[in-house]
Amino acid sequence: MIIELTREAQKQYPNKIRVLYLDIDGHRLENGAFDHDMLELQYNFIMKNISHYYSEINIPLISWKNKFKQANDPLPDDFIVYEENEIPEELKHCARTILTQIYKTEKELSTT
């Protein structure tokens, strides 16, 4: 769904600044942290794979502004997401490095 929204935004508004806002209801563990699927979505998919198509991203894990020009080229039709240790050698030069920050939940902050 996020890939389709990104493609459609590029098609309808080429070269315009794009900002992704994502709010997540539920998908929390007993300790307040996000479940595995939502961590994967936010960190491994959004931040590592499509963040460069946006000027800014606001997701529960982080608010991030792209210090580079957002990519305006079309997302590939056969978009493939690799685990970091599974990236083919010939593609490793394309991998982007993302500085990540892990934030504590309000519950975790109140217990420290």
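This is a predicted model: local features need pLDDT of at least 70, side-chain atom pairs count only at pLDDT 80 or more; totals for chains, interfaces and linings use all residues.
## Model and overall fold

Local features here need pLDDT of at least 70, side-chain atom pairs count only at pLDDT 80 or more, and totals for chains, interfaces and linings use all residues. Residues are numbered from 1 along each chain as its sequence is written, and side-chain values use heavy atoms, with hydrogens and water left out.

The protein has three helices and three strands, arranged α-β-α-β-β-α from the N terminus. Helices (H or I, at least four residues) and strands (E, at least two) are DSSP runs, numbered from the N terminus. Of its 112 residues, 34% are buried (under 20% relative accessible area, with exposed over 50% and partly exposed in between; 1.4 Å probe, protein chains only).

Val19 belongs to strand β1 (residues 19–21) and is partly exposed, because its relative accessibility is 33%.

## Arg28 and Phe34

Here is a contact worth a look in the viewer. Arg28 places its charged end over the ring of Phe34, 3.7 Å from the ring centre; the rule asks for NZ of Lys or CZ of Arg within 6 Å of the ring centre and within 35 degrees of the ring normal.

## Ser51 in its loop

Ser51 sits in the loop between α2 (36–50) and β2 (56–59). Ser51 counts as buried because its relative accessible area is 2%. Its side chain reaches the backbone oxygen of Met47 at 2.8 Å.

Terms used: A polar contact is a pair of N or O atoms within 3.5 Å; within protein, one must be able to donate a hydrogen and the other to accept it, and residues adjacent in sequence count only if both atoms are side-chain atoms.
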